[in-house]
Amino acid sequence: MAAASRSGLLRRCVVSPVGTHSASLIFLHGSGDSGRGLRRWIKEVLNQDLTFQHIKIIYPTAPPRPYTPMKGGISNVWFDRYKISNDCPEHLESINVMCQVLTDLINDEVKSGIKKNRILVGGFSMGGCMAMHLAYRNHQDVAGVFVLSSFLNKASAVYQALQKSDGLLPELFQCHGTADELVLHSWGEETNSMLKSLGVSAKFHSFPDVYHELSKTELEKLKSWILTKLPGEMERQKE
């Protein structure tokens with residue numbers, strides 16, 4: 001008997017495509033948030049839902065767990081951190097467990113008929129970090145990765161995995177506010193530079209005077225990029 005899908009552990013908020021479903025996007029929230037909360041935040045910033053003709057958007061919610069930066073308090077986080085810094089070890093045990101759970105979520109989409117190269121993964125803050133671990137260590141055949149206000153630790157397992165990789169890697173779309181005081185802009189830049197040096201085609205967009213938050217300009221730029229990576233049927237026919 002096949003093992004039950006671990007993705008069943010995740011509550012999720014789904015925005016269905018307006019037309020025929022031919023691609024999927026997994027959007028991971030930041031620490032302490034939820035899938036529903038991220039969708040609501042995006043809707044407030046854009047004054048409308050993020051929707052596509054052909055792309056299903058999945059906003060999963062991280063299961064509650066003790067979180068060290070909150071002195072062990074319970075929070076919806078994708079993994080634990082020793083502290084919010086780019087200069088400390090990663091909590092790999094918790095990251096690896098969640099990679100397995102999110103792998104099942106990707107596999108659920110594949111089983112429903114969506115090819116891996118028609119799936120994007122990304123997220124805000126901790127969600128973006130989780131997406132980079134998921135894609136660059138476990139699913140290098142997804143369509144692309146997007147990260148907003150995110151970073152990797154200096155000795156990240158992502159970098160170590162990419163040093164051993166010789167295949168084609170998913171493109172990275174990265175955004176960061178210059179006024180971010182929680183996840184420093186310089187941490188995002190350093191992450192982008194490291195990934196580029198390891199063979200990732202990585203774009204980095206800075207947003208002046210934006211703090212640790214989503215901005216309308218950023219989300220509009222992201223939406224345009226999503227459509228270049230996951231074009232609809234009409235756009236594909238033109239290629």
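Tutor: Gladly! Two strands pair if DSSP finds at least two bridges between them. Helices (H or I, at least four residues) and strands (E, at least two) are DSSP runs, numbered from the N terminus. The model is predicted: local features need pLDDT of at least 70, side-chain atom pairs count only at pLDDT 80 or more, and totals for chains, interfaces and linings use all residues. Residues are numbered from 1 along each chain as its sequence is written, and side-chain values use heavy atoms, leaving out hydrogens and water.

Student: Which residue in β5 is the bridge partner of Arg-65?

Tutor: Strands β4 (residues 64-67) and β5 (residues 73-76) run antiparallel and are joined by four bridges. They form a hairpin with five residues between them, and Lys-71 in the turn has a positive phi of about 60 degrees. Across the pair, the partner of Arg-65 is Ser-75.

Student: How are α1 and α6 oriented to each other, roughly parallel or roughly perpendicular?

Tutor: Helix α1 (residues 35-46) and helix α6 (residues 216-229) pack with their axes, lines fitted to C-alpha atoms over the stretch in contact, 9 Å apart at about 105 degrees. Angles run from 0 to 180 degrees between N-to-C directions; under 35 counts as roughly parallel, over 145 as roughly antiparallel, 65 to 115 as roughly perpendicular and the rest as oblique. The two helices are therefore roughly perpendicular.

Student: At what angle do the axes of α2 and α3 cross?

Tutor: Helix α2 covers residues 92-111 and helix α3 residues 126-138. Their axes come within 10 Å, and the helices are roughly perpendicular to each other. The crossing angle is roughly 75 degrees.
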